[in-house]
Amino acid sequence: MPDSLGGLRLAGAVPLDPKPATPPPPPPGNAGLATTGAAAGPDGASAGPVVIDVTEESFAGDVVSRSMQVPVVLDFWASWCGPCKQLSPVLEKLAVADGGRWVLAKIDVDANPGLAQAAGVQGIPAVKAVVGGRIIGEFTGAVPEREVRNWLDQLLSLVDEAMGGVPGAAAGDPARDPYLAAAEDALARGDIDTAVESYRVRLADAPGDTEALTGLARAELLRRVRDHDPADIRRRLAADPDDVDAAIAAADLGIAQGDVASALAGLVAVVRRTSGPEREQARAHLVGLFQALGDAEPAVAPARRSLAAALF
């Protein structure tokens, strides 16, 4: 991918940071949506407006999800910004002219400061192109219409050439679920909380998604370990080896440190020695650890057998 498009800067692939949320249903009468044009569907019918207003609540659906099917161009603006008033009409005009080849998503930075911060906006008007859930191109300032047109044309050409017209995947591959992609990007950045929420949103839509179930279990394990105090856990277990909360925390830490077999064996031993609610708490946590580790982990199968023997 070239370093510039039409003389304007093209960023490297940057994952979108905003917190995913379940897309809300459209309000009656398409409230909140600009009406300057509509994308044409495969049968020629309207597939929705090509210029939309986006908020932090609607960002996941209106931008991240939509960008898996068509490029989305973000227009960060404010009512007090003079150059924004020059650029926004140009972008709206070009979006309508292109008839749905891309969607213009307008974001008021005063009303949505979190989106502006997450997208790295340092000045407005700021324009960023989102393809497959990632920011791949951007420019700042009220540039002439000719340059914007050239930037858009080359952006669309790159998408068609590199991905066969499918933003979210290589040609012939199904589009990647945006929430799974957002979770993976968040984990890569060390943003565990966003990963957990992204997996949960995916599971709300697809409760049986094994990838999301496993990913959520792993992300929750990482979040628990982040908050554990190893010294306190050792102290509590020294005082009471059957302190279930401490034993669970110790198992989490052991797995995070790579001592998987010993961590699982230690929690199985607690199941064997306890009864009632404490035993169920330890058992349920072990099942969650099995989910996080996956059957490919060599220590999981023997630990499952040991747990079954401890229970029966």
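## The disulfide

Cysteine 81 and cysteine 84 are both buried, where buried denotes under 20% relative accessible area, exposed over 50% and partly exposed in between (1.4 Å probe, protein chains only). The model is predicted: local features need pLDDT of at least 70 and side-chain atom pairs count only at pLDDT 80 or more, whereas totals for chains, interfaces and linings use all residues. Residues are numbered from 1 along each chain as its sequence is written, and side-chain values use heavy atoms, with hydrogens and water left out.

A disulfide links cysteine 81 to cysteine 84, with an S to S distance of 2.4 Å; the criterion is a pair of cysteine sulfur atoms within 2.5 Å. The structure holds 1 disulfide. Its torsion about the S-S bond of cysteine 81 and cysteine 84 is about 80°, so the disulfide is right-handed.

Strands (E, at least two residues) and helices (H or I, at least four) are DSSP runs numbered from the N terminus. Two strands are taken to pair if DSSP finds at least two bridges between them.

Strand S6 (residues 51-53) runs parallel to S8 and is joined to it by 3 bridges; isoleucine 52 has alanine 105 of S8 as its bridge partner. Strand S7 (residues 72-77) is also parallel to S8, with 6 bridges between the two, and phenylalanine 76 stands opposite isoleucine 107 in S8. From S7 the chain passes through helix H2 (residues 82-97) to S8 in a right-handed β-α-β crossover. Right-handed here means that, with the strands pointing away from the viewer, the path from the first strand over the helix to the second runs clockwise.

Phenylalanine 59 belongs to helix H1 (residues 59-65) and is buried, with a relative accessible area of 3%.

In strand S9 (residues 126-131), 6 of the 6 residues are buried, so S9 is largely enclosed by the rest of the structure. Both faces of S9 are covered, with Ala126, Lys128 and Val130 buried on one side and Val127, Ala129 and Val131 buried on the other.

S7 and S9 run antiparallel and are joined by 5 bridges; leucine 74 stands opposite lysine 128 in S9. S9 also pairs with strand S10 (residues 134-140) in the antiparallel sense, over 6 bridges, and valine 131 stands opposite arginine 134 in S10. S9 and S10 form a hairpin with 2 residues between them, and glycine 132 in the turn has a positive phi of about 60°.

## The second largest pocket

The second largest pocket holds about 280 Å³ of space. A pocket is an open set of points on a 1 Å grid over the protein atoms alone, where a 1.4 Å probe fits and protein lies on both sides within 12 Å along at least five of seven lines; lining residues have an atom within 4 Å of a point. Grid points are joined across faces, edges and corners, and the volume is the space filled by probe spheres set on the points.

Of the 18 lining residues, Leu237, Ala247, Ala250, Ala251 and Ala263 are the closest to the centre of this pocket. Helix H8 (230-239), helix H9 (244-256) and helix H10 (260-273) are the elements that give two or more residues to the lining, and H10 contributes the largest share, 6 residues. The lining divides into 11 nonpolar, 4 polar and 3 charged residues, where Ala, Val, Leu, Ile, Met, Phe, Trp, Tyr, Cys and Pro count as nonpolar, Asp, Glu, Lys and Arg as charged, and the others, Gly among them, as polar.
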